[in-house]
Amino acid sequence: MAEILDFQEPEPKDDQADAALVMSLFARMDHLGMALAFGVAVGITFCLATAILLIKGGSADAVVGYNLGTVSAFLPGYSVSWIGSLVGLAYGVLGGMVFGFGFALLWNFAHVVAVGIVILKADWFDLA
Amino acid sequence: MTANVRHQNINRGIRFNTVLLSLVLGFGFGLGIFIFTHISVAVGGAQPGRYLGLLGVFFPGYSVTSAGAWVGFFWAYLYAGVSGAVLYQIYIRTSGSEPSKQVLSDIQNSGMLSRPTMSLSGNAFGIALGALMVLQLVLSTSWLVIRGTADESYHAALLGQYLPGYTVSILGSLIGAAWLFAYSYIMGRVIAIVYNLVTKAKANKRAL
């Protein structure tokens with residue numbers, strides 16, 4: 001890995017492309033980017049899921065929308081209503097952001113540990 | 001470094017990321033089911049988890065109890081783990097060299113030595129997410145048909161509200177799969193667009 005990270009010497013174009021591919025595999029995932037991306041996607045999905053039922057004529061009391069309405073057991077304030085769809089959007093954004101941030105955190109941590117182990121092993125072999 | 005060694009490193013990296021995504025998603029979803037089961041037990045009163053308990057159809061031995069939460073963790077870990085591996089393999093095979101273009105450009109421009117920031121291929125991520133969701137819908141519907149409970153699966157049939165033409169049958173799942181693929185593909189692209197916008201904005205800020 002130590003060799004892969006060393007780009008100081010000029011390399012042929014194919015080698016550089018391969019090296020870039022390896023670098024991209026171990027590239028850092030941006031925490032904020034991943035949090036916002038999943039926040040937007042989950043928020044929109046939850047909001048749309050509620051809105052579609054409302055457009056089709058559902059409400060918390062009718063058959064359509066009753067099942068989704070039970071999500072309020074986990075998300076206080078949520079209901080199958082237009083205001084509820086905004087509450088759902090907020091919960092979705094929040095939940096998605098937590099998921100995205102946590103995911104990026106675990107991903108980066110595992111990569112740092114893995115790359116560290118590879119570099120340490122390479123150093124030990126060099127010393128031997 | 002020879003091309004052969006580089007290709008070996010690429011394959012090792014892909015294998016490592018496949019396992020990593022599998023572990024991270026497995027742990028995340030396992031923990032999610034574990035927590036939701038305990039919340040259901042806490043707030044459910046005499047009949048906790050009326051809907052969450054339906055997961056027992058796909059998670060043998062699962063129930064909305066403290067002990068069932070561990071069974072749920074195991075199954076969710078397994079399903080999400082396999083899903084993570086499938087997602088990454090489809091993504092990496094579809095994206096080709098696209099995610100490395102930004103890294104290559106950074107190397108050529110600045111001879112960058114620090115760890116680069118990942119960029120997402122919207123098309124590849126959309127296809128991978130869409131394919132995974134389709135696989136899950138078709139397999140789970142097929143399971144309901146195989147075990148002979150398709151006619152009683154009222155809750156699964158509610159998916160027809162969102163996926164026009166979906167029914168708890170093999171044909172219905174294929175019709176629903178087309179809609180689900182389209183929606184998942186769009187969401188995959190949205191995720192990639194937002195993520196890449198944020199990383200580019202941060203890179204531009206650093207460059208100033």
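Author: A crossing is left-handed if the near helix is turned anticlockwise from the far one by less than a right angle, and right-handed if clockwise. Helices here are DSSP runs (H or I, at least four residues; strands are E, at least two), numbered from the N terminus. This is a predicted model, in which local features need pLDDT of at least 70 and side-chain atom pairs count only at pLDDT 80 or more, while totals for chains, interfaces and linings use all residues. Residues are numbered from 1 along each chain as its sequence is written, and chains are lettered from A and ligands numbered from 1 in the order written.

Reader: Which hand has the crossing of α2(A) and α6(B)?

Author: That crossing is right-handed. The two axes (lines fitted to C-alpha atoms, for helices over the stretch in contact, with angles from 0 to 180 degrees between N-to-C directions) come within 8 Å and cross at roughly 145°.

Reader: Which residues of α2(A) and α6(B) meet?

Author: Contact means C-beta atoms, placed from the backbone, within 7 Å. On α2(A) the residues include Leu32(A), Phe38(A) and Thr45(A); on α6(B), among them, are Met187(B), Tyr195(B) and Thr199(B). By class the contact has 13 nonpolar residues, 3 polar and no charged. Nonpolar covers Ala, Val, Leu, Ile, Met, Phe, Trp, Tyr, Cys and Pro; charged covers Asp, Glu, Lys and Arg; the others, Gly among them, are polar.

Reader: How many residues of chain B are in contact with chain A?

Author: Chain B contributes 40 residues, which contact 47 of chain A. On the chain B side, α1 (3–43), α3 (98–110) and α6 (170–207) each supply at least two residues, and α1(B) gives the most, with 14. That side comprises 26 nonpolar, 11 polar and 3 charged residues.

Reader: How do α4(B) and α6(B) cross?

Author: The axes of α4(B), residues 122–146, and α6(B) come within 7 Å, at roughly 150°. Because of that angle, α4(B) is roughly antiparallel to α6(B) (over 145 degrees; under 35 is roughly parallel, 65 to 115 roughly perpendicular, the rest oblique). This crossing is right-handed, and the contact holds 18 nonpolar, 9 polar and 1 charged residues.

Reader: Where in chain A is confidence lowest and highest among the helices?

Author: pLDDT is the predictor's confidence in each residue, from 0 to 100. Chain A averages 80, with 79% of residues scoring at least 70. The mean is lowest in α1(A), residues 13–25, at 72, and highest in α2(A), residues 31–55, at 94. Residues 1–10 of chain A have pLDDT below 50, and this stretch has 16 contacts in the model beyond near neighbours in sequence. Where pLDDT is low, the predicted coordinates should not be read in detail.

How values were computed:
Contact = placed C-beta atoms within 7 Å.
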